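Please keep the structure in view while reading.

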Amino acid sequence: MHWRAITRLFGILLMLYSLSFLPSLGIALLYQDGQWSLFAESLLITVAAGLALWLPNIDQHSELSVRDGFLFVTLFWVILGIVGSLPFILGLHLGITDAIFESISGFTTTGATVIVGLDRLPPSILYHRQQIQWLGGMGIIVLAVAILPLLGVGGMQLYRAEASGVAKQEKITPRIAETARVLWIIYFTLTLACALAYWVAGMTLFDAVGHAFTTVATGGFSTHDASIGYYNSPLIESIAIVFMLAGGVNFAIHFMAWRHLSLKPYGTDPEVRGYGIIFLVSTLFLAASLFWAGAYTEAWESLRHSAFQVASVLSSTGFGTVTFADWPLHIPLILVILSFTGGCVGSTAGGIKVLRIMLLAKLGLRQLEQLAHPQAVFLVKLGNRPVSEEVVLSVWGFYVLYIVTSLLLTVAMMAAGLDLESAFGAVVATINLLGPGLGEVANNFASVSPVIKWLSIFGMLVGRLEVFTLLILFLPAYWRH
Amino acid sequence: MKIIILGAGQVGSTVAQTLASEANDITVVDQNPHLLTVLQEHTDIRTITGQASYPDVLQQAGIEDADMILAVTNSDEINMIACQIAHSLFHTPLRLARVRARNYLAYPKLFTPDAVPVNFIISPEQLVVTFIQHLIESPGVLQILDFADGKAQLVAVQAHRGGALIGQELRALHGLIPAVETRVVAVFRRDRAIIPEGDTVIEAGDEIFFLAAKRDIPAVVEAFRRSDKPNRRIIIAGGGNIGMRLAETIERNYHVKIIEIDPARCRILAESLHRTVVLHGDAADQDLLIQEDIEDTDLYCAVSNDDEANILSAMLAKRLGARKVVSIINRSSYVELAQGTAVDIALSPALVTIGALLAHIRRGDVVAVHSLRRGAAEAIEVIAHGDRDTSQVVGRRIDELPLPEGTMIGVIARGEKLVFPHRETVIESQDHVVLFLADKRRIVDVERLFQVSITFV
């Protein structure tokens, strides 16, 4: 383990990150909300911490190994989560638990909140909250497209350019740094487009930028307690649907579309197609269910709400126009299942991911076909390319760990005092990076106990780090060398 | 014509035999002296032992004054390099090569005089696949051949009890299917050709060749035999090049299963085939065939490269209830033995290939040649050129043409139209004339007929 090299990197990282307090500081000055001093303090604390980590290790240039990668990536989210919580502690006087919960929820693009009364919060702190999610989204894209494939996590090898079975992935660029730059340009462009669309559709500039940050990051933080429902505008909801779905698409595919200036890559990529089909079928099914269950009297209104909720839940954004937990019959559970399905690999969305679900479904289908033709040779294929057994096995392992972790977390939350529905809802909301849950946590996590908040923080990190990256740190063999 | 054939394999030796009987000077080059000795014993040709792509070996084979080089060795690379050498060093005018790998065929720009100077590429596998594909698309027929870019097709069908025309004169055909234009060009009864006239009475068991537009074929076939139901379930035995390509071609429209004995090959098949069920096992394994519903199979295609295995597995499949069985048989003696008895359709890759080659060897502007009845008969498509003065056919009525005996003009493709000629039809310049020759030896007369006199430039 290259401890000192890792420490040095985090030193640099913190100093860079301290710059992110500057926009909030500017907003504080612009809106005269009296919060500028706390952002200045946060900046200074972060720079000081960065220097403290960096200066003693200034000459530690050793290369990180793949093993270091797991630790680095996990610490990245934890440390930035802690630093991001500074303004909440200093400005809103939240407790450590609440502040870190809010911050980690931001960085992991979950969107679960403990803060009630958003509409009365100082603009600079609101902005800081939205920006955390945007930065978290930026981090995850690079993590998912460039770093996790190198670590070979849960079938992500599929996306490793040189081993790519799903190829059409022309290797984006040969170096991670360059890949990251290109991905960020795309991310930035999407955000800009989203903000403009919101603005034109009637949001204030402040809200438009803030919501664009959390829409493209599929985070779900809002500047209003009523979330997107505050605007009660079908136009804004449609814009949100488009950009939430876009945030849930593999950014490597966005890159292909960008480079070739065509929409074709979206149509040819099997995962994006699966994602699109899931969205359409679920929307229609839910709209019909809502209509027949009598939740809405108008058919088009059922469609409007179901499309928004499906897009929001599938991409693990968690914006609300209504509280889906209150919908009748089977509908909340369907949304929970969609939340487990999640968006595409290599996107900002959470959940198990469409690609993995598709591979697992194909694996199951293959077992059935094998029974019908005992002597046949069947392969699991994706987009007509065979997927190696090793990858399928890795996806299978991912799935098992994901489900087992979810169950154990549910048990732990029940032990900490939640009822079954709320406990399960809290796990769904956190491990899938969704935000709103069921029962007591249907809208926010303000009322639950600190133990549950810490369990939720763990759940969010597990979900964000694709299970393996975090859980491997609990393996004794990882630390032995 | 002086022709050098490189490679004395199935295709090479069959072509050598066919061409040698037509007064060509043939030299065959191969590395295996044993193959050459056997070939030379049967055929009047010259043989050279050596590596086919070496210039000195080619020189020995007399390439300096050869009209054509036909490279059909086992190796695509040797075939291509031989053509290159023939072009660069010896300026051989016509160079044909067999190229199998699709990795090359996918780049047509490769085969230009500046790059790999092959005039025509021959791919026996592709021809066989097309042949079987035609059989699958039109149940009940024995053979379908394309003319005029597929606008017209020559179809062989065996008359069966239950066909409306059985026991009737041929002229009744028009009354049966008045909306359809067709021309019966030959009837074979007990292996003897009968020149079809209006009063020829069709008997059950006759093999009938007719020409028609593609869309009309089912209607005509129905006149001669009860229509078979369309093929749906296909089993392919043997996952070699032919089996794999066949499966790839038809898997979108049919239920296809492919049986292959080599597990590694099975994996490759499973990777490149997407709807086909790849079965690992022996095609001669009765249990496997029963397990995979052989009795509900419409067409069983034995396409491995082992004649005996193909015939036996096809016979087994037939006995277990497959509706129709097709087998690839390379050895010509087996073809005659098996066709119509052990297997429904015996198919010789070499014979199929020869048709494609003959088109380039024939004099005159021959577009397509197909060998029929195991080489005894031939159908050719020729373009008529010139005018009444320079050509013996253009501007003349059909009954004025001195056509050799047993030769019949089946159809004329004029632009996009098909003209089924009668006695007064006048042939125009640029007509694609499709002729059927019941006796292949008359081919020289036909060639001469269509050649333009020297004065025409």
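Helix 6 (residues 124–137) and helix 9 (residues 241–250) of chain B pack at an angle of about 45°, with their axes 9 Å apart. Helices (H or I, at least four residues) and strands (E, at least two) are DSSP runs numbered from the N terminus; axes are lines fitted to C-alpha atoms, for helices over the stretch in contact, and angles run from 0 to 180 degrees between N-to-C directions. Helix 6 of chain B is therefore oblique to helix 9 of chain B, oblique being what remains besides roughly parallel (under 35 degrees), roughly antiparallel (over 145) and roughly perpendicular (65 to 115).

Residues are in contact if their C-beta atoms, placed from the backbone, lie within 7 Å. Helix 6 of chain B contributes B:Glu125, B:Val128, B:Val129, B:Ile132, B:Gln133 and B:Ile136, and helix 9 of chain B contributes residues including B:Arg245 and B:Leu246.

The model is predicted: local features need pLDDT of at least 70, side-chain atom pairs count only at pLDDT 80 or more, and totals for chains, interfaces and linings use all residues. Residues are numbered from 1 along each chain as its sequence is written, while chains are lettered from A and ligands numbered from 1 in the order in which they are written.

Between the chains, the contact takes 9 residues from chain A and 12 residues from chain B. On the chain B side, helix 10 (263–272) and strand 14 (277–280) each supply at least two residues. Strand 14 of chain B runs antiparallel to strand 1 (residues 376–377) of chain A, joined by 2 bridges; strands pair if DSSP finds at least two bridges between them. In this pairing, A:Ala376 stands opposite B:Leu279.

Methods:
Two residues are in contact if their C-beta atoms, placed from the backbone, lie within 7 Å.
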